Amino acid sequence: MEFNPFLKNIKTYESGKDIELIAKEFDLKEVIKLASNENPYGVSPKAKEAIINNVHLAYLYPDDTMSELKQALADKFKVQKENIIIGSGSDQIIEYAIHAKLDHSKAYLQCGVSFAMYEIYAKQLGVKVYKTQSLTHDIDELYELYKKHKNDIKVIFLCLPNNPLGECLDKTQVFEFIEKIDEDCLIVIDGAYNEFASFKDKNKHINPQELINKFINVVYLGTFSKLYGLGGMRIGYGVACKEIIDAFYKLRAPFNVANLSLKAAYAALNDEEFIFKT
């Protein structure tokens, strides 16, 4: 059977092996898994309680407006519900960004090494990939590469802090960079780990409200997989101006997030004790 030729150039994403399989394979009683950066403290207790208390809803489709969680995120970031989109993990919103802006005639830009799914999703559309020679986020090199190919580059990914290398730009560097980019180029700020960087150094903190109030061409991505301990529930979010969110919604399948995931995420947002412990 023949498949689309672009598949030959795509590497399959390899996730970390399951703990139980590793334990059985090597006859181990305890395994500490580092491969996927799952929360070592497990599930937020409030989220766990919400899952248990709402398990009877598993036969129902979720509320497709996701109004409860969107309002909670809007309150947290002091934005409007219309500025929020919920995804099956933040990587689903990465896919929306690529499909909304790119095709085989366009390109995207990233640093030399970053989250693998940027490239995988892009190559599914035959999109050209530009990477800096520097492995980490060299802001000057990123801008020079953008200037050289600005007619083609319509999406830029900044992963802050960077997955998997861990380095992180200061907010001032990020904002100064965005100011030099054309407004027709979508900039994706992947903040999957930004809470951790912010906790250590306030200069790394990206405030989604400040970001989208200042720039119309930026989307901030967050996740419940890391800080909130809900990797297995597959839920993330994007914050952007209404024009971007409306475009992304045209790519969203109905009921894309399970109702138990929505309940767990809503509860986890308010579990301050667990958040501080993490």
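# Chatting through a predicted model

Colleague: What's the relative accessible area of Glu68?

Modeller: Glu68 has a relative accessible area of 39%, so Glu68 counts as partly exposed. Here buried means under 20% relative accessible area, exposed means over 50%, and partly exposed is in between (1.4 Å probe, protein chains only). This is a predicted model, where local features need pLDDT of at least 70, side-chain atom pairs count only at pLDDT 80 or more, and totals for chains, interfaces and linings use all residues. Residues are numbered from 1 along each chain as its sequence is written, and side-chain values use heavy atoms, with hydrogens and water left out.

Colleague: Where does Glu68 lie, and which residues is Glu68 in contact with, leaving aside its neighbours within four places in sequence?

Modeller: You'll find Glu68 in helix H3, residues 67–77. Helices (H or I, at least four residues) and strands (E, at least two) are DSSP runs, numbered from the N terminus. Leaving aside neighbours within four places in sequence, Glu68 is in contact (heavy atoms within 4.5 Å) with Lys263 and Tyr266. Glu68 and Lys263 are 195 residues apart in sequence, but their C-alpha atoms are 8.8 Å apart in space.

Colleague: OK, new topic. How many salt bridges does a search of the whole structure find?

Modeller: The search finds 13 salt bridges. To count, a side-chain nitrogen of Lys or Arg must be within 4 Å of a carboxyl oxygen of Asp or Glu. One of them joins Asp170 to Lys204, with the closest N and O atoms 2.7 Å apart.

Colleague: Where do the two residues of that pair sit?

Modeller: Asp170 is in the loop between strand S4 (153–159) and helix H7 (171–179), while Lys204 is in the loop between H8 and H9. The pair links distant parts of the chain, 34 residues apart.

Colleague: And is Lys204 buried or exposed?

Modeller: Lys204 is buried, because its relative accessible area is 17%. Asp170 has 22%, so Asp170 is partly exposed. Lys204 is also in contact with residues including Cys168, Leu169 and Asn194.

Colleague: Which helix do Asp246 and Lys242 both lie in?

Modeller: Both lie in helix H10 (residues 242–249), four residues apart, which is about one turn of the helix.

Colleague: Let's go inside. How many residues does the largest nonpolar core have?

Modeller: That core has 53 residues, and Ile86, Ile156, Ile189 and Phe224 have the most contacts inside it. A nonpolar core is a set of buried Ala, Val, Leu, Ile, Met, Phe, Trp, Tyr and Cys residues joined through side-chain atoms within 4.5 Å. There's also a second, separate core of 29 residues that includes Ile98, Phe115, Val219 and Ile245.

Colleague: What's the bridge partner of Ile189 in S6?

Modeller: Tyr220 is the partner there. Strand S5 (residues 186–190) pairs with S6 in the parallel sense over four bridges. For two strands to pair, DSSP must find at least two bridges between them.

Colleague: Which strand do five bridges join to S6?

Modeller: That's strand S7 (residues 236–240), and S6 and S7 run antiparallel. Gly222 has Tyr237 as its bridge partner in S7.

Colleague: How many residues of S6 are buried?

Modeller: Six of the six residues in S6 (218–223) are buried. Val218, Tyr220 and Gly222 are on one side, with Val219, Leu221 and Thr223 on the other, and both faces are covered.
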